[in-house]
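Hi,

Here is the structure I promised to pass on. Have a look at it first, and then read my notes below.

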Amino acid sequence: MFRLARFLKDYKLQLIFGPLCKLIEAILELLVPLVTADIIDNGVKSGDPGYVLSHGAIMIGMGAAGLCFALVCQKSASIASQGFGTKLRNALFSHINTLSHAELDSIGTPSLITRMTNDINRLQQAVAMLIRLVIRAPFLIIGAMVMTFLIDVRLALIFAVAAPLTGLVLYIVMRASLPYFKRMQTGLDKVSLISRENLSGNRVIRAFNKQKEDEKRFGEANDSLTATAVRGGKISTLLNPLSYVIAQAAIIAIVWFGSGLVNTGEFTTGQIIALVNYMTLIQLTMIVVSDLVVLFTRAAVSAARVNEIFDTKPSVTECENPSDDFSDDADAVRFDNVSFCYKGHGLALKNISFTAKEGETIGIIGGTGSGKSTLVNLIPRFYDAVEGSVYVCGQDVRKCSFEGLRSRIGIVPQKAELFSGTIKSNLLRSKPDATDGEIEKALKISQAYEFVSKAPEGLEMHISSGGKNLSGGQRQRLTIARAVLRSPQILILDDSASALDFATDAALRRALAEQTQGMTVFMVSQRVGTVRYSDKILVLDGGELVGTGTHKELIRSCPVYKEICLSQLRREEVENDVG
């Protein structure tokens, strides 16, 4: 947690002034039993109502002052904790955005979301308690002990025995219950995972009529969480009765021995009341300390999870002096003996070499897992090749700035990603200053203009998160329009027409060919019909480039491509292409 203290540097005033106010409140709280004792011994005992009222007014004033100091501390704690959480969340979000795809794949989106929300919220609570109670609680315990020794050393020995016993009980109970609290967090993660899977995959579950099985799965996880919580709760509930037993035993001892001293005139009734109040204060503060131990233990786990993200460094970074010296005369894209592997896996691409000239349409085809998406993800440098080099417009992508490289590239990923908002706001993400005419042209190229123009709201049609209120084909066409809108030099369509019917797919390819002159287009697909009219087709098999050429050339020279064609086209059609 100390590593995250840098996010509190702007709240030094609150970190100092807040605990100071709480300390003053604690001092006032420690003085109350003494005033109470004075009222009993000098006011009640002598029957002087004026003395009682005047000192009662002093107690009320002390209470009011303590309340004011507590409110100031509370406000300081709120400002510091919320500010800390805001700065930490912003810093974590910014750091996550620097991570490359490899790190994001490794950590996982659900885990990152949990760390940005639950873990940081827990750290905010820890900061608030740090200001409000971390100084106050120990000060009250130590102060109460000191005050008892000032009242009477002999009876204070009872405190010297009771306080360590209460601390020992606290230690034993917390040590026994903390493992259950940790297992509860794991159980909560599992319940959350099952809930998320059930909600996101609800249609699949219903389609296979697996509601009962999923309910059983959720019930088992929930029952396990409940059992862990009950076992931990049973142990932690021992804290209050055991501490009360010790405190009441100490109070009985104080009254027992104190009454004898009162009878001999060595002690006063007010002093006994003060000692009882101090014993009660110690007991209550010990319980607060137990809550703090649980809170800070959980916060320490959260801090470790957050620091783990900060310690994760991106594997793809800009070079120290990036150069965007692109050449329009060079090949648009060139792969030179490129090999790539994902962390912990074998080679996904092996010695890939090819060139794509300006204005060419490059089709990429192959079986599932052949490396098609991996290949195109190396062009915008989402990943770095382990061997060889990738060139864009004559420049090695590892020597370019991210902004300079990716401003030349438009990419439509396999999964059509849309954001909550309107159609227009989604399209403007690629080109914020685009005109309505440019937007209309992009929609027409992507074959999305028809359904957008028919919508009552038009471009202002609301899109829910992920585009759930649109069909798969509509989502794909809008993501293509978003990529086309920026008029990139290189357009990558990563199996982005899989949800389109054949007629719309053909219309899309025709529009791209006619209205995007000079744009180099990469079309990744498993459909032969999508890539057959490309200027050049790359055939991948097991991460290797096994064929390069036109449709007819590959049918003659590449057995893998011919096999794919035979699985999708009529034999007569394939044989005619061979002939």
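A quick definition before the rest: accessible areas here come from the Shrake-Rupley method with a 1.4 Å probe. Keep in mind, too, that this is a predicted model.

On that basis, the accessible surface of the chain is about 29300 Å², and carbon and sulfur atoms account for 58% of it. As for what lies inside, buried residues make up 45% of the 579 residues.

Now the overall build. You'll find 21 helices and 12 strands in the chain. The radius of gyration is 36 Å, whereas the globule rule gives 25 Å for 579 residues, so the chain is more spread out than a compact globule.

What about contacts? Counting those in the chain with a separation of 6 or more, 76% are between residues 24 or more positions apart.

On charges, there are 62 positive and 57 negative side chains in the chain. The centres of these two sets are 4 Å apart.

Is Thr504 buried or exposed? Its relative accessibility is 16%, and buried means under 20%, so Thr504 counts as buried. Leaving aside residues up to four places away in sequence, Thr504 touches Gln447 and Arg477.

Cheers

Note on methods:
Residues numbered from 1 in each chain as written. Predicted model: local features only at pLDDT ≥ 70, side-chain atom pairs only at ≥ 80, totals over all residues. Heavy atoms only, no water. Helix = DSSP H or I, 4+ residues; strand = E, 2+ residues; numbered from the N terminus. Rg over C-alpha atoms; globule rule 2.2 N^0.38 Å. Buried < 20%, exposed > 50% of the residue type's maximum accessible area, 1.4 Å probe, protein only. Contact = heavy atoms within 4.5 Å. Lys, Arg positive; Asp, Glu negative; His and termini not counted. Charge placed at Lys NZ, Arg CZ, Asp CG, Glu CD.
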